[in-house]
Amino acid sequence: MSSLLLLLLLLLLLLLSAPASPLEFRYHDNSEMEQYLLHVNASYPDITHLHSIGQSVRGQELWVLVLGRTPTRHTVGIPEFKYIANMHGNEVLGRVLLLQLIDHLVRGYRDNEPWSSRLLNSTRIHILPTMNPDGFDAADTHCLYSQGRFNFNGVDLNRNFPDAFAGRRRAVIGWLRTESFVLSANLHGGALVASYPYDNSNGGSELVGGASVTPDNDVFVHLAKVYSFHHTSMHRGDSCHDSRPFLDGITNGYQWYPLPGGMQDYNYVWSQCLEVTLEVSCCKFPPVQQLPVLWRDNQRALLAFMQQVHLGVKGRVLDSSGVPVQNAVVEVKGRRNLCPFRSDQHGEYYRLLLPGNYTFTVTFPGHEVLTETLSVPYGPERFSALTHDFRLRRAAAPTSGPAPTPGPTLTSSISSASVSLAPVS
Ligand SMILES: *[C@@H]1O[C@H](CO)[C@@H](O)[C@H](O)[C@H]1NC(C)=O
Ligand SMILES: *[C@@H]1O[C@H](CO)[C@@H](O)[C@H](O)[C@H]1NC(C)=O
Ligand SMILES: *[C@@H]1O[C@H](CO)[C@@H](O)[C@H](O)[C@H]1NC(C)=O
Ligand SMILES: [Zn+2]
């Protein structure tokens, strides 16, 4: 082989292996965003999976990019995490941040950067960069106004979930039924604060000093602070001159302003998914030249928050023959969830908890009530929650078994119609 040919070959190899340039800091429109996601999906087939969960009112696909070592399906023991942005079409920083986050993770994994590799090894991450592409198309670039907030039918998507306290069960996102999400955040703009459930109240015992407090309030406060304190300024709580101060950059949703039909209450109460609402920029449509700085402000917070999916305890509920069971009630003493947490279709449960000792009660028809106390370490630094399987024993007589805790089963009782994601007729 001539040396010239060798040189050419070498050059070709270099070109093929050279890292493509990083994602540009600008507002990609919906079709550019789609092109980018298709490109990532094609370039990283081992760790990404792109699929559409439905269409907007105007027929635009709602693309979700899944990242992880087994991106196309759930793996027992690997928690499911999600980020959603641009639910309000005119609050646009979140979609820029999520595209940058995708870029950061796939490059990190490709370059064997340890943190990204450990995260993608241990976690399945779902990213929906825009929940309201029609609203984005209609948005003007004003910092405050609401042009583009609503979907094409004039519906505010964050007032349109079945309300946790209304007792009605109108409709729900089909997506939430297909995956057992454990932790989630929804990115908005117009303030700088991490807001956590509840957003609403029915005036019951959850109302404490103007806040509507969940049984997992300690975990929610921790999650919100993980974001605000990893953000360069959110934790100071005073960054937007036109907004009221937030202590530590966090707030109970209801205490800020009551909001029926919001997505975070819905996720928590009906999907066993702890979700917070992240207001990531004072200006809803920041000038394009500010995007690099805004990414830098949020980058560590976005990464650290995902790692929190490894809080607490995870495992399976097994029946007397060692077979995983669905719909076993897994309760933690002192935490009375409106809808008790149950094992999913894989027999798995995930319970986000801060380090400490917790007494679990597991209930399943025909089996003895199982009570166990677990000592829970801090999982995120190990990229794994404590793993513990509950082994049930068959009750002596079938009829003497404990009555199943009343309450809807998550997989069967929720209507599959979706007000928010399917076109509204
Ligand atoms: C993503 O990539 C895979 C593997 O190359 C391909 O089979 C699939 O069709 C792609 N998905 C989309 C939505 O293009
Ligand atoms: C990710 O998992 C693979 C396969 O189990 C392993 O070889 C690799 O060392 C892991 N990477 C990290 C950073 O833990
Ligand atoms: C949890 O229980 C262990 C004993 O099992 C004990 O050593 C430890 O101090 C307890 N931790 C807390 C936070 O109570
Ligand atoms: Zn919003």
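A polar contact is a pair of N or O atoms within 3.5 Å. In this predicted model, an oxygen atom of ligand 2 lies 2.3 Å from an N or O atom in the side chain of asparagine 121. The residues surrounding ligand 2 are Arg69, Ser117, Arg118 and Asn121. Of the 360 Å² that ligand 2 exposes when taken alone, the protein buries 38%. For ligand 1, an oxygen atom is placed 2.5 Å from an N or O atom in the side chain of asparagine 41. Ligand 1 is surrounded by Leu38, Asn41 and Leu50. On its own, ligand 1 has 360 Å² of accessible area, and the protein covers 41% of that.

Of its 425 residues, 54% are buried. Among contacts in the chain with a separation of 6 or more, 76% are between residues 24 or more positions apart.

Salt bridges in the chain number 17. One of these joins arginine 26 to glutamate 32, with the closest N and O atoms 3.1 Å apart. Arginine 26 is partly exposed because its relative accessibility, 26%, falls between the limits of 20% and 50%. Glutamate 32 is likewise partly exposed, at a relative accessible area of 28%. Aspartate 111 forms a salt bridge with arginine 110, and here the closest N and O atoms are 2.9 Å apart. The relative accessible area of aspartate 111 is 49%, so this residue counts as partly exposed. Arginine 110 is also partly exposed, with 35% relative accessibility.

A further salt bridge connects the side chains of arginine 159 and aspartate 156, at 3.9 Å from N to O. Arginine 159 is partly exposed at 32% relative accessibility, whereas aspartate 156 counts as buried at 11%. Through shared partners, salt bridges link Glu91, Arg149, Asp156, Arg159 and Lys284 into one network.

Glutamate 279, in strand 10 (residues 274–281), is buried but has no salt bridge. The nearest side chain of opposite charge is that of lysine 284, at 7.5 Å. A salt bridge requires a side-chain nitrogen within 4 Å of a carboxyl oxygen. The side chain of glutamate 279 does place a polar atom 3.3 Å from the backbone nitrogen of glycine 189. Beyond its neighbours within four places in sequence, glutamate 279 is in contact with His188, Gly189, Gly190, Ala191, Leu192, Val193, Met234 and Trp256.

Leu192, one of the residues in contact with glutamate 279, is also in contact with serine 233. Serine 233 is located in the loop between helix 7 (217–230) and strand 9 (250–252). With neighbours within four places in sequence left aside, the contacts of serine 233 are Leu192 and Ser239. Serine 233 and leucine 192 are separated by 41 residues in sequence, and their C-alpha atoms are 8.6 Å apart in space. Serine 233 is classed as buried because its relative accessible area is 13%, under the limit of 20%.

Methods:
Residues are numbered from 1 along each chain as its sequence is written. Chains are lettered from A and ligands numbered from 1 in the order in which they are written. This is a predicted model: local features need pLDDT of at least 70, side-chain atom pairs count only at pLDDT 80 or more; totals for chains, interfaces and linings use all residues. Side-chain values use heavy atoms; hydrogens and water are left out. Helices (H or I, at least four residues) and strands (E, at least two) are DSSP runs, numbered from the N terminus. Buried means under 20% relative accessible area, exposed over 50%, partly exposed in between (1.4 Å probe, protein chains only). Lys and Arg count as positive and Asp and Glu as negative; His and the chain ends are not counted. A polar contact is a pair of N or O atoms within 3.5 Å; within protein, one must be able to donate a hydrogen and the other to accept it, and residues adjacent in sequence count only if both atoms are side-chain atoms. Contact means heavy atoms within 4.5 Å. A residue is near a molecule or strand if one of its heavy atoms lies within 4 Å of it. Accessible areas come from the Shrake-Rupley method with a 1.4 Å probe; for residues, only the protein chains shown count as cover.
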